[in-house]
Each structure stands twice: as structure tokens, then as C-alpha cells.
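This report covers the open sheet, the pockets and the cavities of one protein model. The structure is shown first, and the description follows.

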Amino acid sequence: MRGIKIIGTGMYAPDMILSNDMLSTFLDTNDEWIYSRTGIRERRISVDKPNFYMAAEAAKAAVANSGTDPSEIDLVLAATCSPDYFYPALSCLVQHAVGAVNAAAFDINSACTGFINALDTASRFLEDGDYKNILIVASERLAPHCDYTDRTASILFGDGAGAAVVTKNDKPMWSYLSAKGDYFNALYCKVDQSRSNCQYLAKTDALPVGIIDSEAKTHTLQMNGKAVYKFAVDAMDTAVRKVLERSGLGIDDIDLYIPHQANARIIESAVKSLGLPEEKVYVNLEKRGNTSSACIPTALAELDEMGRIKDGMTICLVGFGAGLTSGAIVFTQ
Ligand code: COA
């Protein structure tokens, strides 16, 4: 039987606060519009710290909080869609930073659904029995991906990292994961290959012209807001229904719902369609914005700090993001 127990949490938020009022000094927008459409008032931005710095800080905090010696970590999983390097994997940098010398490490990129997919993966490694302690870190530095002349998308995102150390539990867990690759262009950020000099290869006649995308101009985050909104409302509803169906539990059997923090209206819509008790749904996006895969573990770390993660409670995590991907996990702590 699969089961996970969170034995440590940690988070990192950059110092710089980018408020709606600050955005409105260079964008044709205002606090009232952003807050009423999204529930966001401010977000944190990493001006000078790379993603791996944020990830390492959150990971170190989670390992310390777990009381586990770094040498006892068997696997480091990093979820990110905004790494500093194509390779090595972010998880390898984190493994080094925390001193998890005995751990294997690899990354998972399913954008905002990253932590859900990583936690599901971790549970399967734990079930196997060879892996006892797994460090999961989800970290995003989205500011460099944002086009700050685009008032529709750039207002949503922030930077930050969250982490958790998990171990096997004899209490059950269930998951539901989904991907709709046909919606890949509803939310994407293209790799910038324009500075490559692969065109010289084409001159040899050995390779076709067009091996690289030198014409592409858009290497910032591109989003069809309405399409993503529609998908998200449906995906959250479906993912929660499916995972509850698999678990045999009802809406009221869940003690705490932690949704991906993309937009307060999307969360409200799912709360309404599913009939979730509002007091059980954690929302923190007013001060953080959408930090992609980092949203859920950051929320877990905040709740843990408040003493709201208790042994024996049943928690539902639900997320969605670029891909388009979505998923939900129910576990008893
Ligand atoms: N400030 C002021 N006006 C803005 C604005 C801003 N930041 N962004 C868009 N507008 C304008 C539009 O230009 C449009 O003007 P028009 O009516 O004159 O054409 C108007 O506001 C309505 O735009 P619309 O795109 O219909 O707004 P919306 O209600 O759909 O909200 C989003 C836009 C992006 C907030 C919403 O679609 C959304 O949250 N989508 C999901 C995005 C998401 O969660 N992505 C991450 C997934 S992990």
C-alpha cells in the first residue's frame, strides 16, 4: 500500500515585494482590477538570486525541520519549469547544497502541477522499500520568463520555493494525474535558441535548414488566459472528484484542501462546484501570487509553521498548469 508522511517542510520567499501599485507604474493596470480578477495584491520577485539558491534554502529548511541527517536522504526530486540550467538538473544542485551525499536526484517538469507529480512519484519510490527519506523541492523563478509589457500574464506570477521531506506511512494515499498535450500552446515559454550557431551545420548540406528555431521572437511566458481559466475550473473539479472516487472518501472526510494558487476566482469556482467547506480550503495567493509548482509546498510549509498539519489528518492537494496538466492527491498524514 502506498502512503506518505510529511516529516519536514521548508520554504523560501525572496525579499522584494512587487505590489499591484508598483506594477501599475509601468503597466496599464491598477490594484482594483488585479485584485478583483485574481485575488492577488502582491508577489515576491527574486531580483538577484537564481532558482537554485531559492530551492536550496527551502530544501535546507525542510531537512532541518525533519530532523533527518542529510546523509539519510535517499532521493532528491525537484519540480521546476524555470531552471537556471538545462542541465545539470536542479535536484543535483540541491543535493549538493544540502549535503545529501547518498541521494539520487532528478527533476520533474509539469509546470504548476510539478509538486503533485513529484509527490506521487515519491510515494511509488517509498513503496518500493529501497528509499526511506525523500526530499521534494519545488522552486520557480518566473520573473525572468515574464513579459512585463503584457498586463494579462505578468501580473499573476511570483517567485519562491517550497520543500518537504517525506517518508513511508502505513496510512493510505490516492492520486489522480492527467495531461492534455493538445492544449500545449495555451500556456508556454519557448527555449531561446537564437544565439546558437547551428546554422553553420546547415551549410554542410548534411542537415536541413530549420534545425533551430532562430526566427522565434517569443521566449517569454505566453498565455491564453481565458482558455487556461476554463481548463483550470474544470480540471480542479474533475481531479478532486476522481481522487475522492478512488479513495472512497467524501468531501467532508477531508480535513484540509490545498489548491494550486493561480487565481482566487478559479479556487472559488471549484469550492462552489464541489461544495467544499470554505474554512477547509487554504488560500495564500494575496501575498504570493502564482509561484507555479512552489505554491502547494509553500502552503504546506506555512500551515506546518502554524501547527495546522497534524498526524492523522487527511489532506487533499489539487493542482493544474502548463501542459496542460492537472492532478490531485489525497493522503492521511
Ligand atoms: N489590468 C487592467 N486591464 C486588463 C488587465 C490588467 N492587468 N489584463 C487584461 N485587461 C483588460 C483586457 O485588455 C480586457 O479589456 P477589453 O475588454 O477592453 O478588451 C479586459 O481587461 C478583460 O480581459 P479578459 O482577458 O477578459 O480578463 P479576464 O477576466 O479573463 O481575466 C485573467 C484575465 C488572466 C486574470 C484570467 O483569464 C485568468 O486568471 N486566467 C487563468 C490564468 C492562469 O491561472 N494561469 C496560470 C495557470 S497555472
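## Spaces and sheet in the model

The second largest cavity is lined by at least three residues from each of domain 1 (4-170) and domain 2 (174-184 + 221-332). The model is a predicted one. The lining of the second largest cavity consists of Met 11, Tyr 12, Ala 13, Arg 44, Asp 159, Gly 160, Ala 161, Arg 288, Thr 291 and Thr 298. By class, the lining of the second largest cavity has four nonpolar, three polar and three charged residues.

A search of the whole structure gives two cavities of 30 Å³ or more. In the largest cavity, the lining is made of Met 236, Val 240, Tyr 257, Pro 259, Ile 267, Ala 270, Val 271, Leu 274, Leu 276, Val 281 and Val 318. Eleven of the lining residues of the largest cavity are nonpolar, with no polar and no charged residue. Helix α7, strand β11 (256-259) and helix α8 each contribute at least two residues to this lining, and the largest share, four residues, comes from α8.

| Space | Volume |
|---|---|
| Largest pocket | about 920 Å³ |
| Second largest pocket | about 540 Å³ |
| Largest cavity | about 60 Å³ |
| Second largest cavity | about 50 Å³ |

### Pockets

The largest pocket has a volume of about 920 Å³. It is lined by 32 residues, and Cys 81, Ser 82, Pro 83, His 145 and Cys 189 are the closest to its centre. The lining of the largest pocket comprises 19 nonpolar, seven polar and six charged residues. Because domain 1 (4-170) and domain 2 (174-184 + 221-332) both give residues to this lining, the largest pocket lies between them.

The second largest pocket is lined by 26 residues. Thr 152, Leu 156, Met 223, Gly 225 and Asn 263 lie nearest the centre of the second largest pocket. Its lining is divided into twelve nonpolar, nine polar and five charged residues. At least two lining residues come from each of α2 (31-38), α7 (225-247), α8 (264-274) and β12 (314-321); α7 gives the largest share, four residues. The second largest pocket also has residues from both domain 1 (4-170) and domain 2 (174-184 + 221-332) in its lining, so it lies between these domains.

### The open sheet

Five strands make up an open sheet with mixed pairing, in the order β1-β7-β6-β4-β5. At its edges are β1 (4-12) and β5, each of which pairs on one side only. On average, neighbouring strands of this sheet are turned by 20° against each other, direction ignored.

Within the sheet, strand β6 (residues 133-140) pairs with strand β7 (residues 160-168) in the antiparallel sense, over eight bridges. Ala 138 has Gly 162 in β7 as its bridge partner. Strand β4 (residues 75-79) and strand β5 (residues 104-108) pair in the parallel sense, over five bridges, and Asp 107 in β5 is the bridge partner of Ala 78. Together with helix α4 (residues 90-98), β4 and β5 form a right-handed β-α-β unit.

Technical notes:
Residues are numbered from 1 along each chain as its sequence is written. This is a predicted model: local features need pLDDT of at least 70, side-chain atom pairs count only at pLDDT 80 or more; totals for chains, interfaces and linings use all residues. Side-chain values use heavy atoms; hydrogens and water are left out. Two strands pair if DSSP finds at least two bridges between them. A crossover is right-handed if, with the strands pointing away from the viewer, the path from the first strand over the helix to the second runs clockwise. On a 1 Å grid over the protein atoms alone, a cavity is a set of points where a 1.4 Å probe fits but cannot get out, and a pocket is an open set with protein on both sides within 12 Å along at least five of seven lines; lining residues have an atom within 4 Å of a point. Grid points are joined across faces, edges and corners, and a volume is the space filled by probe spheres set on the points. Ala, Val, Leu, Ile, Met, Phe, Trp, Tyr, Cys and Pro count as nonpolar, Asp, Glu, Lys and Arg as charged, and the others, Gly among them, as polar. Domain bounds come from an automatic or database domain assignment. Axes are lines fitted to C-alpha atoms, for helices over the stretch in contact, and angles run from 0 to 180 degrees between N-to-C directions.
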